[in-house]
Amino acid sequence: MSYKVLLPITILTITGCSSYQMNQLGLRSSPVNRYPNYMSTIELCEVANGYRSTNQTRISVSSEQWKRKLLAEQCDELVKELYFSRFIKNIRITKPKNENPPVPTPLPAGATTAPNK
């Protein structure tokens, strides 16, 4: 089988998995050796829910989870969300924000708007 066929099949298979499933396959089971404030949200959730090990304390991980306002249920949903659906959610077509109309510059104190004659 040629690599031209095998590569797309492999990519589609991996994107059809979730982080949890990748961990179960052993592809995402390495320990996270970073400070919690440098971890991605998925890494933080995996460590907080016990799917991956870390060299950081449980308190520091929980503190960062609290700072990011992530509940255990939200983390579990994030970890079990498919990579493909996460990719689709990140692709958003956004309209440019309407800029505020220009505000006239105020005149300095004591200046008049029309000359007196």
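**Exercise 1. Overall architecture**

Which pattern does the protein follow when read along the sequence?

*Solution.* The model is a predicted one. Read along the sequence, the protein follows the pattern α-α-α-α-α-α. The secondary structure accordingly comes to 6 helices and 0 strands. Of the contacts between residues at least 6 apart in sequence, 51% join residues at least 24 apart.

**Exercise 2. Confidence of the prediction**

State the average pLDDT of the protein, and identify the elements with the lowest and the highest mean pLDDT.

*Solution.* Step 1: the protein averages a pLDDT of 79, and 81% of the residues score at least 70. Step 2: among the elements, helix H1 (residues 3-15) has the lowest mean pLDDT, 67, while H4 has the highest, 93. Step 3: where pLDDT is low, the predicted coordinates should not be read in detail.

**Exercise 3. The surroundings of H3**

Determine how many residues of H3 are buried, and name the helices against which they pack.

*Solution.* Step 1: for the protein, buried residues make up 21% of the 117 residues. Step 2: a residue counts as buried under 20% relative accessible area. In H3, 7 of the 8 residues are buried, so this helix is largely enclosed by the rest of the structure. Step 3: the buried residues are Ile42, Glu43, Leu44, Cys45, Glu46, Val47 and Ala48. Step 4: their packing partners are helix H2 (19-25), H4, helix H5 (72-79) and helix H6 (83-90). Step 5: after H3 comes Gly50, which has a positive phi near 85 degrees.

**Exercise 4. The packing of H3 with H4**

Describe the geometry and the composition of the contact between H3 and H4.

*Solution.* Step 1: helix H3 (residues 41-48) and helix H4 (residues 58-67) pack at an angle of about 130 degrees, and their axes are 10 Å apart. Step 2: that angle makes H3 oblique to H4. Step 3: the crossing of the two helices is left-handed. Step 4: H3 contributes Leu44, Val47 and Ala48 to the contact, and H4 contributes Arg58, Val61, Glu64 and Gln65. Step 5: by class, these residues divide into 4 nonpolar, 1 polar and 2 charged.

**Exercise 5. The packing of H3 with H5**

Carry out the corresponding analysis for H3 and H5.

*Solution.* Step 1: the axes of H3 and H5 come within 9 Å and cross at roughly 115 degrees. Step 2: H3 passes H5 in a left-handed crossing. Step 3: the contact is made by Thr41, Ile42, Cys45 and Glu46 of H3 together with Cys75, Leu78 and Val79 of H5. Step 4: this contact has 5 nonpolar, 1 polar and 1 charged residues.

Notes:
Residues numbered from 1 in each chain as written. Predicted model: local features only at pLDDT ≥ 70, side-chain atom pairs only at ≥ 80, totals over all residues. Heavy atoms only, no water. Axes fitted to C-alpha atoms, helices over the stretch in contact; angles between N-to-C directions. Helix = DSSP H or I, 4+ residues; strand = E, 2+ residues; numbered from the N terminus. Parallel < 35°, antiparallel > 145°, perpendicular 65-115°, else oblique. Left-handed = near helix turned anticlockwise from the far one by under 90°. Contact = heavy atoms within 4.5 Å. Nonpolar A, V, L, I, M, F, W, Y, C, P; charged D, E, K, R; others polar. pLDDT = per-residue confidence, 0-100. Buried < 20%, exposed > 50% of the residue type's maximum accessible area, 1.4 Å probe, protein only.
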